[in-house]
Amino acid sequence: MSDEPKRKTAKAAQSGKYGKPATSGTGARAAKSSPKSPAAKSPATARTSGRTPVGATRGRVDVLKTYKLFIGGKFPRSESGRVYEVTDSEGDWLANAPLSSRKDARDAVAAARKAFGGWSGATAYNRGQILYRVAEMLEGRREQFTAEVAAGEGLSKAAASAQVDAAIDRWVWYAGWSDKIAQVAGGANPVAGPFFNLSTPEPTGVVAVLAPQDSSFLGLASVLAPVVVTGNTALVVPSERAPLPALSLSEVLATSDVPGGVVNVLSGRTREIGSALAAHQDVNALDLAGTSGDPELAKELETAAAENLKRVLRPDEDGTDWSADPGTSRLLAFLETKTVWHPIGV
């Protein structure tokens, strides 16, 4: 049999004589759209608006990132299975972030309490080394954090890069304070009698940190680093609108020698998670930085915290300039002073 009929059949198929050519993969989905009747943006399309999708140049489907909570050194999904859409400044979809539940908050408190003994018992020098390691890892992922900050806060790449650089510098700065803060907060006290009287700072315990809403990375570093460098363990509720830098930070923490449970990240609704943490009897302190601009919520959480006499750090009424010199106020905010009397041997 001659090959001529076969060649004619193949040519006809290519020209559309026997219907449209078959398509597959992303091509199949693209064939359904028409310039005359634009379809709604898919998550992948919205996430990559204005730039080429990661896999497009290689003819692959873009692999979207799955963000998860960070509890006890692990990355669980929310116990409730809920997520919420995170969008950029123009309303385009960026990712689905876990929507933490009260059960997630309780699990995080249990993990933080379990980790407190080992972390507070570590030497100050060791804690400083670990925080510096976090800064090293952040430096290696600057481009990723720059992209997340730019998208979440609507900043230019240059402005976002400056924010990321400042956040990394802030980690290094607080790491350097690890073995020096005791000299500022403690000391030998003069007393009338044959005694040594020594005051030393000790960590408060488990601290719930509501991170700033308007500074998703620099503000986050400014409130989280001083809590953990002084020996506390932390429960972090990141910016509700722009949680992605905080969720990515948890991946850095997991690979930076930070023991599991020292930092726990709970993305979701600030009011919902904050209420659960403020009322929890095993949370020792509460940082309300994330309620700046919402005095009603701040008052509600402070009232709940009063049930077990939590230490509460109120937000500045006029807002906080997170790029300014932070000073030592946040280092001292979650320290207790222990005073010891010891007889002088004569």
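I count two strands as paired if DSSP finds at least two bridges between them, and I take helices (H or I, at least four residues) and strands (E, at least two) as DSSP runs, numbered from the N terminus. The model is predicted, so I note that local features need pLDDT of at least 70 and side-chain atom pairs count only at pLDDT 80 or more, whereas totals for chains, interfaces and linings use all residues. Residues are numbered from 1 along each chain as its sequence is written, and side-chain values use heavy atoms, with hydrogens and water left out.

Entry on the sheet. I first looked up Val206, which stands opposite Thr233 in β6; β5 and strand β6 (residues 233–237) pair in the parallel sense over 5 bridges. Both belong to an open sheet of 5 strands, in the order β7-β6-β5-β8-β9 and with parallel pairing. At its edges I find β7 (263–265) and β9, each of which pairs on one side only. From one strand to the next the twist averages 15 degrees.

Entry on α12. Which residues of helix α12 (residues 295–305) are buried? I find Leu297, Ala298, Leu301 and Ala305, where buried means under 20% relative accessible area, exposed over 50%, and partly exposed in between (1.4 Å probe, protein chains only). These residues lie on the same side of α12 because they cover an arc of only 100 degrees around the axis, the arc being that of the directions from the helix axis to the C-beta atoms. Pro295, Glu296, Lys299 and Thr303, on the other side of α12, are exposed. The buried residues of α12 pack against β5 (206–210), α11 (270–279), β8 (285–287) and β9 (311–313), with contact meaning heavy atoms within 4.5 Å.

Entry on helix pairs. Axes are lines fitted to C-alpha atoms, for helices over the stretch in contact, and angles run from 0 to 180 degrees between N-to-C directions. The axes of helix α4 (residues 102–121) and α11 come within 9 Å and cross at roughly 45 degrees. I therefore record α4 and α11 as oblique to each other; angles under 35 degrees count as roughly parallel, over 145 as roughly antiparallel, 65 to 115 as roughly perpendicular and the rest as oblique. In this pair, Arg102, Ala105 and Val109 of α4 meet Glu272, Ile273, Ser275, Ala276 and Leu277 of α11.

Helix α6 (residues 142–153) packs with helix α10 (residues 244–254) at an angle of about 160 degrees, their axes being 9 Å apart, which makes α6 roughly antiparallel to α10.
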